Amino acid sequence: MSFPDLRSFIDRLQRDNDIVTVEAPVDRNLEVAEIHRRVIAAGGPALMFTNVRLKPDATATSPFRLVTNLFGTARRAELAFGERPLRLIRRVVELAETLLPPTPGKLWSARDVGKELLRVGTRNVQTGPVVENVTFDVDLSRLPVITCWPEDGGPFITLPLVYTQHPDRPCHNLGMYRMHVYDSRTTGMHWQIGKGGGFHYAAAEARGATLPVTVFLGGPPALILSAIAPLPENVPELMLASLIAGERLPQVQGYGPHPLMANAEFALMGEVPPRVRKPEGPFGDHYGYYSLQHDYPVFEVRRVAHRNDAIYPATVVGKPRQEDFYIGDLLQELLSPLFPLVMPAVERLWSYGETGYHSLAAAVVKQRYGREAMASAFRILGEGQLSLTKFLLLTDRRVDLRNFKATLEHLLARTHPETDLYVFSNLSMDTLDYTGPAVNQGSKGVWLGLGDAVRELPRAFTAAELRGVTDVRVFCAGCLVVGVPSRASDPDAPARIAGDAAFREWPLIVLTEEPMRAAASSMNFLWTTFTATARTVTQRWKEYFPDRNVEMGDSIKASLD
């Protein structure tokens, strides 16, 4: 196993001089998160906080260390994955395409995969580090749980590995759902729509039953990565975790409703009762603004297990690039070879982390008969977490989907918007998307750009003075970013610009109050920013890192501009 627990990964980062220990006292309320944002914006190291104050201006500190920014660079995320899982998945796909019909020679040539797959799964062990301390005296206030943004509803556990089992059949789910800490024994359980743990809870609640839940904190990095992975509903996350780790995962029985991951740092054991809800949030989220307060199920913690000198892992959520960006792109690389197996007409697929992943995806699909691309669109929008995609771009010709400008130009050169742009209203939406009329409701778009190019895209814009336009920028061939006043002050601007002959040759026009910034890069184009202040962190920067020259990035811009 590459990294059997969190500590082995941290040890490797220490050998690589890629983690810094912060011994200065820091406040878990906002200060830790702002330090994290400054460091990750500069591409800096992982952070180990050893002196986390539990209350502002108080001397009491958490008995547990806090680690953040574990996966905050492409190098660290790749280190956590390793090369073996991607190599094995590509080999499995190759065999799926060539093994049938089976022959003795083909089966013999596949023996390497058989040996690897024998190491996938879990195994029982008599004891493990996670049960070095087990208590019914639950006190979540001792954990260094952080508050990330000024208007957050309170502290949130941001890297929980939430394990549930279906009440009616033998299948499990390991998901990552933020947990709003209400008091010393209860938290919210943010089961969004389309999530496996939420499906398990719905099945239990339908018959009036309590759902047992175990939450792991820490453990092998493979556990964290697999909990985030957008796997189909019935594909077990522990199988992917074992595949990434390269070994069967050790489990300890007999301490709670579920087996415990032997090498986890913490295990919170409890239950979520039926028909009990409590306000959860607000929470500064991936899309760059706060998800609002809504009622969610309540997790009641009955028992806690943890290692000696346990380390509490956390992440900070916000506009990219944050840790989820690097993990998300690597997960796409890992799972992308499987897409053609489950969706044969989909040749390549990419979701854009700059938009929070669910907001925009693009695919290269087969077009063997008229409008077959739309069959692929519905197939993608019906597949697991891909069903939360808000806007989908489709083409049937080869293009580098990771290069957003190239992908957009490719589509704009081929599209007939009057017949190729579809908008579907009154659909379910990602819980975190607040652009619709109500939570979990909104519209989806599909835009086709098929066949050969039908137009030469303009690449430069010149025009006389335009009424109500503050600036015009070319984002890419065929796409303009046009500066206009706010919609409230000039509601007629879209119709006026669409009818202006100066823009006739441009198939896509984006209106914004900040055209220079929006057109500066693909990241900016795909993202709308918001601001935060943290004067304390600026003043204390040298105190945090007295022995290391750690660069202070700009947490307001993050990776924008």
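1. The side chains of Asp420 and Arg371 make a polar contact at 3.1 Å. A polar contact here is a pair of N or O atoms within 3.5 Å; within protein, one must be able to donate a hydrogen and the other to accept it, and residues adjacent in sequence count only if both atoms are side-chain atoms.

2. A word on the basis: this is a predicted model, where local features need pLDDT of at least 70 and side-chain atom pairs count only at pLDDT 80 or more, while totals for chains, interfaces and linings use all residues. Residues are numbered from 1 along each chain as its sequence is written, and side-chain values use heavy atoms, with hydrogens and water left out.

3. Back to Asp420, which lies in helix α14 (residues 417-420); helices (H or I, at least four residues) and strands (E, at least two) are DSSP runs, numbered from the N terminus. Asp420 counts as buried because its relative accessibility is 4%; buried means under 20% relative accessible area (1.4 Å probe, protein chains only). Beyond its neighbours within four places in sequence, Asp420 is in contact (heavy atoms within 4.5 Å) with Arg371, Arg414, Thr415, Val446, Trp447 and Leu448.

4. Next, the second largest cavity, with about 40 Å³ of space. On a 1 Å grid over the protein atoms alone, a cavity is a set of points where a 1.4 Å probe fits but cannot get out, and lining residues have an atom within 4 Å of a point. Its lining includes Ala362, Leu393, Thr407 and His410, and β23 (360-365), β24 (391-395) and α13 (404-412) each supply at least two residues. The lining divides into seven nonpolar residues, three polar and no charged.

5. Helix α10 (residues 323-335) may be worth a look too. From first C-alpha to last, its 13 residues reach 18 Å, close to the 18 Å expected at 1.5 Å a residue, where the expected span is 1.5 Å times one less than the number of residues. Eleven of the 13 residues in α10 are buried, among them Glu323, Asp329 and Gln332.

6. Lastly, where does Pro160 sit? Pro160 is in the loop between β8 (156-157) and β9 (161-165), and counts as buried because its relative accessibility is 0%. The C-alpha atoms of Pro160 and Leu217 are separated by 5.6 Å, although these residues are 57 apart along the chain. Neighbours within four places in sequence aside, the contacts of Pro160 include Gly175, Tyr177, Arg178, Val215 and Leu217.

Key
Buried < 20%, exposed > 50% of the residue type's maximum accessible area, 1.4 Å probe, protein only. 1 Å grid on protein atoms, 1.4 Å probe; cavity = no way out; pocket = protein on both sides within 12 Å on 5 of 7 lines; lining within 4 Å. Points joined across faces, edges and corners; volume = space filled by probe spheres on them. Nonpolar A, V, L, I, M, F, W, Y, C, P; charged D, E, K, R; others polar.
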